[in-house]
Amino acid sequence: MDLFDSNAAERANLPRNMIENSMFEEEPDVVDLAKDSSAFSAFPTLDPDEVAYEPRSSRLLVRGLGENDMDDDEEDCESSARLLGMSFMNRSSSHRSNSSPYIRQSPPRTCSRPSARTMVVCVLVLVIVASLTMVLYFLPGCIFTRDGCPKANKTAPLEPVYPNSTNGELFPWAELRLPRSIRPLSYELTLTPNLDNMTFTGIAVIEMSVSHNTKRIVLHAANLNITKATFKLGDGGAQDVTVLEYKPRQQIAVKFSEELKTGQHCVLTFDYSANLSHTYDGFYNSSYTDKDGNKRVLAATQFEPLSARKAFPCFDEPSFKATFLIRINRKPTYMTLSNMPQAKTTPLRNGLVQDEFEKTNVNMSTYLVAFVVANFTSVSSTASGTKVSVYAVPEKKEQTDFALAAASKLLQFYNEFFEIKYPLKKLDLVAIPDFLAGAMENWGLVTFRETTLLLDNSSSSLEKQVVASVIAHELAHQWFGNLVTMSWWNDLWLNEGFATYMEYMSLQEIMPDLDTGNLFLSMRFRAMDKDALNSSHPVSAEVNTPEQVEEMFDSVSYEKGASILLMLNASLPKEQEFKKGIIQYLKTFSGLNTETNDLWNSLTQVSSQSQNISEMMSTWASQKGFPLVTMSRKGDKVILSQEPFLLTSDSTTKGSRLWNIPITYVNDSCSLASECRQMFTLKSKTENLKVPESVQWLKLNYKNTGFYIVDYGNDGWNALTDALSNNSTILTPEDRASLIHNIFALSRMGRVPFEQVLSLLNAMSNETGTAPVKEALLQLNRINRLLDKRQESGLVARMKTYILNHFGSLMKNQSWEEEQSLSKQELRSSLVFTACILNEESCIDKAKSLFKQYKDSNFTMKIPGDLQQAVFTVAAQSEDDWKTLLTLYTTTSNDAEKRKILKGLASTQDPRRIVWILKASLNGAIIQTQELPLIINTVCNGFIGHLFAWDFIQINWDRLIEKFPVGSFAIQTIIKSTTSQFSTQAHFDQVQAFFSNLKQRGSQMRSVQEALETIRLNKRWMESNLQALGKWL
């Protein structure tokens, strides 16, 4: 971000004296003024951090800083202006008529008084002459030169307005981003947590280098009580210094009377204390209940994105990398973990033990630092020379084997794939009992929720898929994010998009039995659903506030980022080009920070066809949304055109946005094998493609590897519908699912009638593929819930009949026994769950019977993992079985099963229980607060629950944002869950009024704009289709 980049509007809002104190002259240069202000003692020295460097052709002179001399040209122009005024008056005098009464004559004997008219004319002439003279006199001399006057320099640096620190003194910095004048080199941290009173003390020693002259050091600290601070310059002695704090930006500063000089080294030391956080970020306390019913406490960290500052003073931005040496003082009954292996343990006089960890052998961003104080046990192995360990509470040690095997396999795979060895000596994976995120990629100490790391021996393949995916994602971060890190949070996708892409790619290579292809496909569909909103954002987006940083953690950064990488890989002519490009990227920028263009440039350099990947991919990274490709055909000519796919029309950008689209396609002569795929690049608004006239139909976007939607037009859709009705397997399952997703999206947009949607579904009535069936059920269930929330009971009944008629035979054919195939488990889970929530009689009976057997076996009988959700949801509708489930939730140690039980409990339609479970999850005693977003999402699926949930978040908003940061993924999920099924003007008005009144407590969140847009879209679709739905169904 350029400091003090002032546009016209900003200048208009400046104090009057600041606007008036600027004139443009030839000398001196702005930069010279900033570097040497000694000549101008009336003004403070500008730190280079505050200078916006301008072209040398743009010069600024601040009035009062120098002499008021004019150069020769300006003096000439000034004199010319004055002479021009005088000559004008002389010429006026010489041209007077002799008959004028004002011509001097011989004095007559008597004077006649002039007429009134004559006096008026005379006065007017004198006024005009005087005015012209003054205008000419005061005009700048440059007006009369050939080049004219210089234009106003709107990017000139203006002296910042500094805020007041907590002690009333001016705080010496006025920006969110820290100045670049100081760089940290190393941290030595000594922490003493007290898990009895939930506090900690710390000593932070920060060694720094001076990048350019400055009189201040600015860094981050939040909620820390700094009791002492000392400063040492070079080999000099340490001196006490005063620490200023500006809480709104969580910044602290030390000011100096003399400048620190470029190249000098210095050390700041802070003694401080703080409370362990009661939320899920910073250095926070957690707890769990052991097998004997005793409460156990622990402390863990979660620093990404902006919370390292809550544990120690630091330069808490990704680009400020440094080394870390960490010491933790603990009671002998605890153990500690950090990023590096433990170097030594020393008993202390106060009965504590100090664990010192090795100094990091890599430079790290602060958000990757981690430490844990707990009572865990572990299992270990060695992979590629690195010690790999999995830690958990003692009761769950037996559930760590799968994670250890998966992590070891993945570490070895990534070492070979990236051709860069994992740089640390050890890799720990730790299951934290109370953890908000799914996992966190701290270098060498990866932390997880228990549900995303632990599995028992009876876990299903679907449950293993979840755990393996999360581990693969976090281990990919050890290269993408840790070794090479984005420079700022605007490019978060370089971390998360890559890790998401590698998560699926790696598992397809080393664990193909986990069949992650369908999961990746569904994820791309959901990313498109979000990105189709006008309230979406580019993959690489501007980030200027802490709330905007939090909001970057969404499906655009993760899933869209992964999707455009998949598309790029699929479009490159040689199979290994993408791999070579990312290896070059990692090797070139190892240990450094990057921006999006650095990745594109690395890929361009290895492109065999000298393809300008940067030119192509910038269209996908720098603008929000994605294209709608429309296809029409005339004989052998296929006309392809593109426009933004926008569910909400946006006339300001619709015509100007274009993408460089790698179109892939197959036709009726060859449509299944990858060799059938052909490619065409669509760069402009409309282009033509030639195909043989014998081709009956075309299917664009082979296997949905491209991030775009296709409208085939009436003829194209009819041709595909006819082909599928004759043979539903003429396309790959991915392509069939893609057609279903696309036509529902086009219906939501208003491009195709819902009748066309049903026509395609009817043509696929014999569909048995997992991906297309799951996508069709998801889309139909979404519409059914919207109808239910509008109390359209007649249409709800018809939709239920349609779904059961269309998929009924497939539902009835599902077995309720153990199923080995993961793909079949996915299909069965979706079909059975849909049948049960639609109250299909045989499904309800089987679920009740299975739960009774489960109870009668004292919960030792195994319910197949993919059927558990349906069984627990049905059971929760019974008063007695709901109580049984709650007891089971508090006693079971199987975390995957526990999560499904919780969703079952939240699916109740009993108002009293809905209120109880919402309150219980917020309080956190029986149900951990980390599960609140999941509970709200589940509650909202029910007719009664969605209204209770909306009231609940309005009443408890302030408590929610105490638990979860404004803009965080948890808050995004809560907002979306409670509002996405509204479709009336009344609900729109309620949502708008509530969030607009929040002001700084959340009104500006992007997720609020998404919620309002979604309600408008739901309302529009319902109003357009309600009358016709009855007829079509």
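## A cis bond in a loop

Pro305 is found in the loop between strand S10 (295–302) and strand S11 (323–330), where helices (H or I, at least four residues) and strands (E, at least two) are DSSP runs numbered from the N terminus. The peptide bond that leads from Glu304 into Pro305 is cis, and its omega is near 5°.

This is a predicted model, in which local features need pLDDT of at least 70 and side-chain atom pairs count only at pLDDT 80 or more, while totals for chains, interfaces and linings use all residues. Residues are numbered from 1 along each chain as its sequence is written, and side-chain values use heavy atoms, with hydrogens and water left out.

## The chain as a whole

The secondary structure of the protein chain comes to 31 helices and 29 strands. Of the 1033 residues in the protein chain, 55% are buried (buried means under 20% relative accessible area, exposed over 50%, and partly exposed in between, with a 1.4 Å probe and protein chains only).

## The annotated binding site

The feature "binding site" is placed by UniProt, in an unreviewed entry, at His473, His477 and Glu496; UniProt positions are given in the numbering used here, feature names are shortened, and annotations may be inferred rather than shown by experiment. Although these residues are spread over 24 residues of sequence, they cluster in space, with a largest C-alpha distance of 8.5 Å.

His473 lies in helix H7 (residues 461–477), whereas Glu496 is found in helix H8 (residues 493–510). His473 counts as buried because its relative accessibility is 6%, and Glu496 also counts as buried, at 2% relative accessibility. Leaving aside neighbours within four places in sequence, His473 is in contact with Glu496, Ala499, Thr500, Glu503 and Tyr558. With neighbours within four places in sequence again left aside, Glu496 is in contact with Glu304, Glu441, His473, His477, Phe553, Ser557 and Tyr558.

## Helix H18

Helix H18 (residues 770–789) has 20 residues and should span 28 Å at 1.5 Å a residue, which agrees with its end C-alpha atoms being 28 Å apart; the expected span of a helix is 1.5 Å times one less than its number of residues. Because 15 of the 20 residues of H18 are buried, this helix is largely enclosed by the rest of the structure. Just after H18, Gln791 takes a positive phi of about 60°.

## Two crossing helices

The axes of helix H16 (residues 733–749) and helix H31 (residues 1006–1032) come within 9 Å and cross at roughly 90° (axes are lines fitted to C-alpha atoms, for helices over the stretch in contact, and angles run from 0 to 180 degrees between N-to-C directions). H16 and H31 are therefore roughly perpendicular to each other, since angles under 35 degrees count as roughly parallel, over 145 as roughly antiparallel, 65 to 115 as roughly perpendicular and the rest as oblique. On the H16 side the contact is made by Ser747, Arg748 and Met749, and on the H31 side by Thr1014, Leu1017, Asn1018, Arg1020 and Trp1021. Sorted by class, this contact of H16 with H31 has 3 nonpolar, 3 polar and 2 charged residues (Ala, Val, Leu, Ile, Met, Phe, Trp, Tyr, Cys and Pro count as nonpolar, Asp, Glu, Lys and Arg as charged, and the others, Gly among them, as polar).

Thr732 has its place in the loop between helix H15 (713–726) and H16, and Thr732 is buried, with a relative accessible area of 6%. Not counting residues up to four places away in sequence, Thr732 touches Ser671, Leu672, Tyr702 and Lys703. Gln1000, in turn, is found in the loop between helix H30 (985–996) and H31, and Gln1000 counts as exposed, at 74% relative accessibility. Gln1000 and Val966 are 34 residues apart in sequence and 9.3 Å apart in space, C-alpha to C-alpha.

## Positive phi in two loops

Glu419 is a residue other than glycine with a positive phi, near 60°. Glu419 has its place in the loop between helix H6 (401–418) and strand S18 (426–432), and is partly exposed, with a relative accessible area of 49%.

Asn704, also a residue other than glycine, has a positive phi near 55°. The place of Asn704 is in the loop between strand S28 (698–700) and strand S29 (709–711), and Asn704 is buried, with a relative accessible area of 1%.

Definitions and conventions: Contact means heavy atoms within 4.5 Å.
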